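Please look at the sequence and the model first.

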Amino acid sequence: MPTSSAVTPDLGRIGFWRGGPMLTPGMAAAVERLGYGTIWIGGSPTADLGIAEQLLGATEHVTIATGIVNIWTAPAAEVADSYHRLEQAHPGRFLLGIGIGHRERNDDYRKPFAALVDYLDDLDAAGVPVSRRVIAALGPRTLRLAADRAAGTHPYMTTPQHTRFARETVGPDVLIAPEQRLVPSTDAAAARESARGFLDRYLSLSNYRRTLESRGFSAAELDDGATDAAVDALAPHGTPAELAAAVQGHLDAGADHVCVQLLPQRDDPLPGLEALAGELGLR
């Protein structure tokens with residue numbers, strides 16, 4: 001099987017995260033022109049990785065990554081075949097992000113850590129290089145697995161406090177690429193309403209709650225739609241300069257790369273991405 005590049009793709013400092021169904025080839029090309037280093041396909045892309053193939057074909061140099069392929073719904077053998085197909089057509093530009101999803105949303109969720117190890121074993125057997133995959137790791141055990149069996153970790157729904165914890169756990173040389181939600185609005189009430197509508201689906205999931213509470217949030221801060229302070233910490237809003245500062249918080253805490261997700265999801269993200277790119281010096 002082709003393994004033309006065993007080097008982890010260059011993600012750049014800043015990337016763009018968006019649910020796969022809301023990504024288009026035209027949007028990917030525009031994001032590349034703005035200077036973002038990686039486009040992350042959010043949600044649970046299917047094992048054929050067809051959306052990744054479309055985005056790679058529409059762009060010239062930006063890295064395309066999955067955030068994340070769900071190990072319960074995408075068989076490792078099929079994912080490996082798709083990886084090799086993409087690598088042959090677009091060498092060095094694809095990063096495979098995998099994860100165990102959520103107990104509440106997967107019927108077959110027995111022994112998730114063991115299932116993740118088995119999945120990595122299958123990827124190894126199929127020739128997917130360790131350096132070309134990342135794991136959606138949150139807790140210490142999975143973070144250590146990401147350090148040992150992947151290029152690093154792609155945490156979702158975290159804060160700079162978790163990034164600092166992740167860096168302390170995996171050491172200085174492991175890739176940490178967290179996602180950060182942002183609301184490009186200076187209308188605090190509207191921004192918080194949008195953020196709450198988004199966060200509601202996640203704050204009831206046990207793995208995110210456990211992680212957030214272990215990193216300084218109380219249950220009371222996260223219950224019933226979350227407090228204003230918690231919402232602002234999880235999905236900062238404000239001017240492009242204020243949003244850039246929120247991204248910089250992860251970099252200062254030890255992240256190598258931060259991928260931004262702009263809310264509300266239904267809005268065109270390109271104006272906000274353009275303003276943020278200017279503040280972050282991407283072009």
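## Cavity, pocket and helix packing

Searching the whole structure gives one cavity of 30 Å³ or more. The model is predicted: local features need pLDDT of at least 70 and side-chain atom pairs pLDDT 80 or more, while totals for chains, interfaces and linings use all residues. Residues are numbered from 1 along each chain as its sequence is written, and side-chain values use heavy atoms, without hydrogens and water.

On a 1 Å grid over the protein atoms alone, a 1.4 Å probe fits in a cavity but cannot get out, whereas a pocket is an open set with protein on both sides within 12 Å along at least five of seven lines; lining residues have an atom within 4 Å of a point. A volume is the space filled by probe spheres set on the points, which are joined across faces, edges and corners.

| Space | Volume | Lining by class |
|---|---|---|
| Largest cavity | about 40 Å³ | five nonpolar, three polar, one charged |
| Second largest pocket | about 160 Å³ | eight nonpolar, three polar, two charged |

Strand S1 (14-19) gives the most to the cavity lining, four residues. Among the lining residues of this cavity are Phe 16, Trp 17 and Gln 261.

The second largest pocket has 13 lining residues, with Val 183, Pro 184, Leu 263, Pro 264 and Asp 267 nearest its centre.

Helices H3 (residues 76-89) and H4 (residues 112-125) pack at about 40°, their axes 9 Å apart. Ala 76, Val 79 and Ala 80 of H3 and Tyr 119, Asp 122 and Leu 123 of H4 make the contact (heavy atoms within 4.5 Å).

How values were computed: Axes are lines fitted to C-alpha atoms, for helices over the stretch in contact, and angles run from 0 to 180 degrees between N-to-C directions. Helices (H or I, at least four residues) and strands (E, at least two) are DSSP runs, numbered from the N terminus. Ala, Val, Leu, Ile, Met, Phe, Trp, Tyr, Cys and Pro count as nonpolar, Asp, Glu, Lys and Arg as charged, and the others, Gly among them, as polar.
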